Amino acid sequence: MSEHEKRQVPADEGVYEMPRTAEDMKKELAQGTVTMVSGLIWTIVTIAIVGGIIKSFFDGTLIAPGSTEKSHILTLVIFLPVVGIFFNMIAHGESKFFIRLNSLVYTILPFFLCLVMLFGFSIDRTSEGLPVATDQLGNELAIRSDGTFNPLPNETGVVATYEIHDGVYMIEVDGELQPVESTITKNYFYDRSVVGMQFEELRKWIDVTDKPSTEVGESEYTIAKFQYHLGVDGISFPLLLLTTLLSTLAMIGSFNIKMRLKEYMCWFLLLEVGMLGTFTALDYLLFYVFWELVLVPMYFLIGIWGGPRKEYAALKFFLYTLFGSVFLLVGIISLYFLTGQQTFDIIKLQEIAPIQLGSATMFKWQLILFGAFFLSFAIKVPIFPFHTWLPDAHVEAPTAVSVILAGVLLKMGTYGLLRMSIPTFPEAAYVLAPALGVLAVINIVYGALVAMAQTDLKKLVAYSSISHMGFALLGMAAMNKWGFTAAQLQIINHGIISGSLFLLVGVLYDRAHTRELDAFGGLLPQMRMYGIVMIIASMANLGLPGLAGFWGEWWSLLGAVQNTEFYTTGGLSFFRILAPIALIGIIITAAYMLLMIRKIFMGPLNERWNWLTDMDAREKWAILPLVFLMVFIGIYPGPLISLFEASTLNLVHMVRFMAGIPPVGF
Amino acid sequence: MLEALLKYPETLAHWIVALPFLSFVFITLKLTINKNVDPKPKDESEKELSPDLKKLQTSVMQGYMWPIIALVGLLGFLFLKSRLGEAAGGISINSVIMPVIWIVLLVAIFWPTNSRHWIQKYAPYISVGAMAIGAIIATSLWIKTVQEGLYPGHATPDTEIWKEAWKINWYGIGDFTLPIGIKLDGFAIFGVWMVTVVAMCIQWFSIGYIWDDDYGRKHFGRYFAKHSLFATGMLMVVLSDNILTFLIGWEVMGLCSYLLIGFFTYKPSANAAQIKAFITTRIGDVGFMLGIFMLGLMFTYANDPTLPFSFDFEHIKEVLYKYDWAKANLGWLPTAAALLIFMGAVGKSAQFPLHVWLPDAMEGPTPVSALIHAATMVAAGVFLVVRFFWLFEMSPTAMLTVAWIGAITAFGAATIGVVQYDIKRILAYSTISQLGYMMIGLGVGSATAGMFHLLTHAYFKALLFLGSGAVIYGCRHIQDIRYMGGLSKRMPITYWTFLAGTLALAGIFPFAGFWSKDEILASVFHMAQHGYSRIVGHGEHAESILMIPAHWSFYIIFILGIAGAFLTAFYMFRLIAYTFLGRHKNYEYRGEQSPDYGHHAHGEDNTEAYDKWTVPPGPLEKEEHDLGHPVEPREVPPSMWIPLVILAIFATVYGFMGTPLFGEGGNLIAKFLNHGYPHYPELDWLTAGLMGSSLLIALLGVHFGLKINNTEAGAVWKDNLKAKYAGLYRAVYNKYFVDEFYEEYIIQPVFFVAQMARAFDTYIVDGIVNAAGWLTYMIAKLHGWWDNVVIDGFVNGLAWIVGFFSDLTKPIQSGYVQNYMMVIIIFVLFYLLSLFIR
């Protein structure tokens, strides 16, 4: 109907509008006032925050290289959403635009900060890797680690001369000698070649102390020290990027939530805090707090905004995961007592525990603790037979929450395995590798088979998630550089692919209010863009070379084939038998993804759906970045691999060294 | 640029791959981003806008995707720029060209006034243009190779001429790096020349064919985008110097065949066929991947394990070929690796038992069938075996498997082809059969013969498929040959070009197929006589090791091949007889008198009004169709017959490159496709005799094909035969029930297992979880009962008992003074009484 025709509709045939009462006007006035005031505060505070970030970026306190006390970028990344929660709380519930804007801004800001960490401004380095600084006169110096420096030649090849008085370098400025002030004008950024933690923050949190009764002196000694310790390395930084990216896109994807928007956004932002904290915490207690913090918002997000069986799904998810977490807690406490150090620091315990628990008598403890940690993480990944919460939670959760569930929450499990289980208990991990491999292959094949039998689109995608996480686990079980690289690749790629698949399922469900595969048919001509994107995502999911999904599968299978350390006879070994079985899963995956496409998009149009429309701009904005990443990583995975390469390789070497196995090449 | 083209075509070789890919990207993005803007304003209000304002409005409306795509482009550009800096050799020219290409591409994509109409119209120009440039580069590569008489590639590594070819480091994991690049050896140069020429002709032909279809016209741009992507995949396979990019190209082709078979998305049969094609080839690909893993495994044995594995063809061959596997008691390793890799070839090249997808793939548009399912993609499997020929050589088992699978396929498919009625299906089975011949050639140790047949087959089969497309176009999308006939008069150009292709396929002197097929048969004969010896080392140090001793059973392969050649000639001339000769039968099936009986056929030229050189516009003569009045077949427009003529020329003369008449292994094919591999049959009496006998057999096939299908007596004889061997006829007609077997014993069981797994998951695994939850709940309830009833009951009971007794004793403390007084008095009385009693 054109604009002209609309005007022709007589007034009395239109929607009857209630005359506004005085009470209504009062309400509107109140809403307006609240929105105006909160909006004003919001503007001021947001500008202040952004300005503060920019200022601290340039004065070097945002990212203070080498200083664990000054640097605070990770804290900002984690807790910026809390500011958003605050503003959502003071906002009027009816001013939806404000709530959406606020929530979006405070999910984008962490993402933006992560991009700053990723791209930032690099500092110049000499060929030996020394950072380059300049003195007052603009001469370049290479700073050595002990604080002294080498003057570097300028373009004409002249090296500036400095006088040294009492060990202090002096330079002549305007006729008088001054001590050299060197400044590194550019900030650090995420350094791909560094093995250890970056952007570290270390502050005192809780010190449990006691006065010794036997000693005469007054000095206290520490029983346990809980620290506020944050940091990222190659294992967590890609996940941080993934989390912030998916949160932003899921936030865009959840703008169509109508019911109790304010509350939804608060829970969503709190969820993001929990996830980001989990990936950056380096203290067991801190980690545990964030780990558990994730459950609560998730419980409410599924339980309130979910589908028909939301209560059941939410409760199942919460209790199941909590059940695992208990073992994690017990494991942490046992680890503390067994190592006998006064620390809960993850990194320190990684150094201590393998030695402390390395002896033959203590080895059983390694196995037990690995089991306890593994149980908790296996439920999160999920690994067969602990996976049944996942289909229920995915199917009942609203779209954006499914994206987060598949894209981030599952990765918390694999992250836990890579960050804690394997490096802290390397020998146990090594001994149990064949069992892990078997579980991985069961995941791959079983998940694919069950997915094939599904009639609900979302459930199909959920089971395919289970199948694909199997490849990450297979990579870890292979215990070589191919495997660990593959695991990390698969984790990231699966986040991207399944995130986009769930968003796509949501697009269809929002329109049709059904997800039954057999109900559709022939949608491609009228949902062209949607169909194309769905086909690309499906192809990536089934591991087509040239798209993101392929590399994780390829390298993990190759890693498995290269592992000859278990039950080897002739040219055959345990993992070489597992790899072909896993390949069966690939065929089944292709079958069910293609059948899915056929049932929804191909064939003659089911006339019931002739009114369906293509994706709108909001949905495109939410999905297309992921599609771009799929294609880009598929064609050129180099940049992604270089993000975590140093860390995963180091992990492999460490595990193999601790478990007493020589390193292997290809 | 021109100088580079003429003197150093190898510096441009990677553009052969890049240009189709860029045209794919360009067309796709253009189609996706640009809106359908109607060139004419719809109503009055829009007319009021000034053109500039309108343009601005359009650009703003279209521009909502700008920022993100621009950012993406910029990032990609930066990455490429930074990476290209590290690339090795000969890249400087490209680092200048690349930014220009990017900028031009971006500007063209986002040029706001270009609507989707623009790209719909010009897409074929872009993709055909890209292929044409590729064909020019490939031709100059070929000319250079022939002129300079060089053996590029591994035979003489000291030749410096090909060093300019493109090579970069892709990415790495730790100390492992992935160098990728272009490999220019004889196989690649002949292959790339074939692919570019054939693909160009097919795309050119498609313009008219697809425009003729209502659905196709709406999706014109999409069709050519996919075609370009397909060509990219095939060229990648041909030009790759390492397995990984080979695999990527291989799978991209799988994807494109999936997309193009299902081009008519509304057709359920096409949907089924596309899935079947993808999954079947995927099964083969799994074997291929395992084979690659197996090579990695062999590496660990043959090499110092600390040395990094490489995916480079040359490197793998260098390391593995020298190692004596039999001595290390690991003879099964090369066999297993070769058989697994062969599995990939079986899937892609539609060999028995994975041949089932190819006939079904005929659901796609005919030019697609020509490109994918005849000329190039199916040949990729053969090309794979050629690339890994050294591996097959090491294992007699693998070679015999290849030969026997090839023989079975060649003969079996030929028998099925005899009884089909769908023009495209006949050609599909003929393709399977010919691929079988190539496999035979490879299996008996003549990579040259296999590759030669691949090349000639590509030209003439593409010609035949395009010819069948022309026939289908002419007959308004009728595909059943029983409704055709008499087309030779109505479509003369199509007829003569088709005849050239048929003669080539049937193996009639001097057409291309004669030389290549004869060479394969000669190789089989050679093997049956002398066995197969592998030659290790070259030049002076060459020594030959007998791998497969001569055996009588190889004559069976020979006989199967000869029988297949007879059948090929037979069914092709059956096709000619049904389609082009005799009278036009479409009228009779519609209950009308064929004009062929009466007067001379009036071949009106329906294409008169069309722009003959580009796109024939307009729909089919729908009105005529709606009338129920059969329309007269029409000749194709020039945009369609020119490609046919080009291909017909190739089909006629290409074979002379491989003729042994020039002697001494001096012919081009032997010279460039033979390096490193032994056996090229030279002209002697035996070869000449074989040539003569195979020609005789083929002529017999032609004779019977025409006799039985083009005469009344033949028809009677045929019907009698059909009645006599009805069971056999049914089995062959139904393709030996292979499809039914798979459906019954593989597909259904897999679905059944999936259902079982789902039930297991829902009722057992989840059941246990829910049961645990329920059990906890019940325990909690029990505990609650225990707590409420027993524990609390005990406490409450105690309290009750106390209360009971207190209730009993409560009345004592009543608060009434009289009661207390009375108790005191009673006790006093008792006391006094006790005093008295004592």
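This is a predicted model: local features need pLDDT of at least 70, side-chain atom pairs count only at pLDDT 80 or more; totals for chains, interfaces and linings use all residues.

User: How much area do chain B and chain A bury between them?

Analyst: Start with who takes part: the contact draws 67 residues from chain B and 70 residues from chain A. On the chain B side, B:Y171, B:I173 and B:F293 lose the most area to chain A, together 11% of what that side buries. Carbon and sulfur atoms carry 75% of the buried area, and the total comes to about 6200 Å².

User: Which element gives the most residues to the side of chain B that touches chain A?

Analyst: Several elements give two or more residues to that side, including the strands β1 (167-173) and β2 (176-181) and the helices α11 (243-261) and α33 (738-809) of chain B. By class, the residues on this side of chain B split into 47 nonpolar, eleven polar and nine charged. The top contributor gives 18 residues, and that is α12(B).

User: Which residues form a salt bridge across the interface, and how far apart are the closest N and O atoms?

Analyst: Polar contacts between chain B and chain A come to 14 residue pairs, with both residues at pLDDT 80 or more. The salt-bridge rule finds one across this interface. The partners are A:K316 and B:D766, and their closest N and O atoms are apart by 2.4 Å.

User: Staying inside chain B, how do α11(B) and α12(B) run, roughly parallel or roughly antiparallel?

Analyst: Their axes come within 8 Å and cross at roughly 170 degrees. Angles over 145 degrees count as roughly antiparallel. So α11(B) and α12(B) are roughly antiparallel.

User: What about α10(B) and α16(B): at what angle do they pack?

Analyst: B:Y223, B:H227 and B:F230 in α10(B) meet B:P367, B:V368, B:L371 and B:I372 in α16(B). That contact has six nonpolar, one polar and no charged residues. The two helices are roughly parallel, therefore, to each other. Helix α10 (residues 220-239) and helix α16 (residues 366-375) of chain B have axes 11 Å apart and pack at an angle of about 10 degrees.

User: Now the backbone. Which peptide bond in chain A is cis, and what is its omega?

Analyst: Most peptide bonds are trans. The proline here, A:P385, sits in the loop between α10 (363-380) and α11 (389-396) of chain A. The cis bond runs from A:F384 to A:P385, with omega near 5 degrees.

User: Where does B:P353 lie, given that a cis peptide bond joins B:F352 and B:P353?

Analyst: Omega for that bond is about 5 degrees. As for its location, B:P353 is in the chain B loop between α14 (332-348) and α15 (357-360).

User: What is phi of B:K735?

Analyst: Most residues other than glycine have a negative phi. B:K735 is in the loop between α32 (726-733) and α33 of chain B. Its phi is positive although B:K735 is not a glycine, with a value near 60 degrees.

Notes: Residues are numbered from 1 along each chain as its sequence is written. Chains are lettered from A and ligands numbered from 1 in the order in which they are written. Side-chain values use heavy atoms; hydrogens and water are left out. Contact means heavy atoms within 4.5 Å. Buried area is the accessible area (1.4 Å probe) that two parts lose on being put together, summed over both. A salt bridge is a side-chain nitrogen of Lys or Arg within 4 Å of a carboxyl oxygen of Asp or Glu. A polar contact is a pair of N or O atoms within 3.5 Å; within protein, one must be able to donate a hydrogen and the other to accept it, and residues adjacent in sequence count only if both atoms are side-chain atoms. Helices (H or I, at least four residues) and strands (E, at least two) are DSSP runs, numbered from the N terminus. Ala, Val, Leu, Ile, Met, Phe, Trp, Tyr, Cys and Pro count as nonpolar, Asp, Glu, Lys and Arg as charged, and the others, Gly among them, as polar. Axes are lines fitted to C-alpha atoms, for helices over the stretch in contact, and angles run from 0 to 180 degrees between N-to-C directions. Angles under 35 degrees count as roughly parallel, over 145 as roughly antiparallel, 65 to 115 as roughly perpendicular and the rest as oblique.
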